[in-house]
Amino acid sequence: MSKYKTRLVAKGYAQTYGIDYEETYSPITIMTTVRVIIAMAATKGWYLHQMDVKNAFLHGDLQEEVYMEQPLGYVDQTCPNLVCRLKKALYGLKQAPKAWSDKIGQYLITSGFQTSNANFSLYVKKADHGIIIIVIYVDDLIIIGDNDEEIFDLKKLLKQKFEMKDLEKLCYFLSVEVIQSPKGIWLLQKQYALNKLSEYGMIGCKPISIPLEQNVKLSADEGDLVEDTTMYKRIVGSLIYITIIRLDLSYAIGMVNQFMQTPQKPHLDAMRRILRYIKHIL
Amino acid sequence: MDEEMATLDANATWELVALPKDKKAIGCKWVQMGAQSQAQCKWIYE
């Protein structure tokens with residue numbers, strides 16, 4: 001922990017619907033789309049580019065009239081009674097994510113991209129000499145295409161417009177490590193799994209080579225409830241995230257997932273076993 | 001903080017106006033967060 005960011009955050013919870021905010025929905029990429037994009041790049045032998053937007057939400061334009069008090073420590077000495085009439089979005093505002101995704105969406109559409117009908121954060125541009133595909137996850141962009149020159153030009157434009165950082169090669173996206181080589185693309189969640197194991201106190205456990213006990217039948221009434229049901233749910237969530245790469249775990253995780261409502265001892269045991277298996281495959 | 005303020009200024013995020021009678025102004029605060037794990041390391045001061 002060496003670097004700190006300081007942000008001015010608006011108290012969005014004080015906003016009132018219909019007065020200073022309207023629509024707040026903003027689309028987001030699902031992992032399936034990302035996987036498809038990576039698979040496409042792998043089969044075509046394309047290179048995955050990544051870009052990152054600095055202060056993404058500050059770019060969004062506000063449609064609504066929002067007033068905010070002057071920030072503490074930076075109050076205008078000559079007129080302390082005035083308030084800030086916001087023109088651009090700020091972190092914390094209810095409509096900030098939408099304002100940002102609209103902004104980048106509009107920009108991409110004016111530069112010739114089309115949104116996919118299946119996923120609104122997937123943009124495709126077909127030109128005479130190539131295709132460019134962009135996936136947007138809030139402020140992270142994955143770009144692929146068959147024409148390196150076009151991608152280079154696009155990156156230059158985006159950098160000018162939105163103050164983006166070009167991370168060039170995609171190597172880390174939503175805690176999935178991506179390794180690109182001429183032989184293919186590898187996806188890893190090793191660091192994520194390790195972090196989760198130590199978070200749940202299972203880093204020192206004994207590895208096991210099978211994720212589920214044989215012929216095990218779990219039912220909803222097996223005895224006393226697990227003490228910390230919230231923790232159980234959290235672990236299930238993390239395990240589901242691991243199925244992005246380890247599809248073979250889907251069945252075992254599906255089993256423990258069924259008892260989220262009333263987790264009991266046998267369910268916890270089954271879950272521990274999955275965690276031990278994860279240590280085995282690391 | 002100065003850096004963030006400079007970004008906001010450069011961005012023309014807001015203009016100072018007198019608050020219209022029928023409107024309410026929302027508050028704001030400075031939040032400092034670690035670049036690494038943002039969820040766990042959060043200090044808030046008002």
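How much area do chain A and chain B bury between them, and what share of it is on carbon and sulfur atoms?

## The interface between the chains

Chain A and chain B bury about 3600 Å² between them, with 64% of it on carbon and sulfur atoms; buried area here is the accessible area (1.4 Å probe) that two parts lose on being put together, summed over both. In chain A, the residues that lose the most area to chain B are A:Thr6, A:Tyr67 and A:Tyr74, which together make up 19% of what that side buries. In terms of contact (heavy atoms within 4.5 Å), 35 residues of chain A meet 34 residues of chain B.

The count between chain A and chain B is one salt bridge, a term that stands for a side-chain nitrogen of Lys or Arg within 4 Å of a carboxyl oxygen of Asp or Glu. The side chains of B:Glu15 and A:Lys87 meet in a salt bridge with an N to O distance of 3.7 Å.

## Basis of the model

This is a predicted model, in which local features need pLDDT of at least 70 and side-chain atom pairs count only at pLDDT 80 or more, whereas totals for chains, interfaces and linings use all residues. Residues are numbered from 1 along each chain as its sequence is written, chains are lettered from A and ligands numbered from 1 in the order in which they are written, and side-chain values use heavy atoms, with hydrogens and water left out.

## Chain B

Chain B contains one helix and three strands, and from the N terminus on its elements run α-β-β-β; helices (H or I, at least four residues) and strands (E, at least two) are DSSP runs, numbered from the N terminus. Of the 46 residues in chain B, 33% are buried, where buried means under 20% relative accessible area, exposed over 50%, and partly exposed in between (1.4 Å probe, protein chains only).

## Salt bridges in chain A

Side chains of opposite charge can pair when their charged atoms come close. Over all chains, the structure holds nine salt bridges. One of them joins A:Asp61 and A:Lys103, whose closest N and O atoms are 3.0 Å apart; because A:Asp61 lies in strand β3 (residues 61-68) and A:Lys103 in helix α2 (residues 96-110) of chain A, the pair ties together parts that are 42 residues apart in sequence. A:Asp61 is partly exposed, at 32% relative accessibility.

Within helix α2 of chain A, A:Asp102 and A:Lys98 lie four residues apart, about one turn of the helix, and their side chains meet in a salt bridge (3.1 Å, N to O). A:Lys265 and A:Asp269 are likewise joined by a salt bridge (3.4 Å, N to O), and the two are four residues apart in helix α7 of chain A, separated by about one helical turn. A:Lys265 counts as exposed at 54% relative accessibility, while A:Asp269 is partly exposed at 33%. A:Lys196, A:Glu199 and A:Arg234 are linked in a network of salt bridges.

In helix α6 (residues 250-257) of chain A, the buried residues are A:Ala252, A:Ile253, A:Met255 and A:Val256. They cover an arc of only 150° around the axis, which puts them on the same side of α6(A); the arc is that of the directions from the helix axis to the C-beta atoms. These buried residues pack against α5 (229-242) and α7 (265-281) of chain A.
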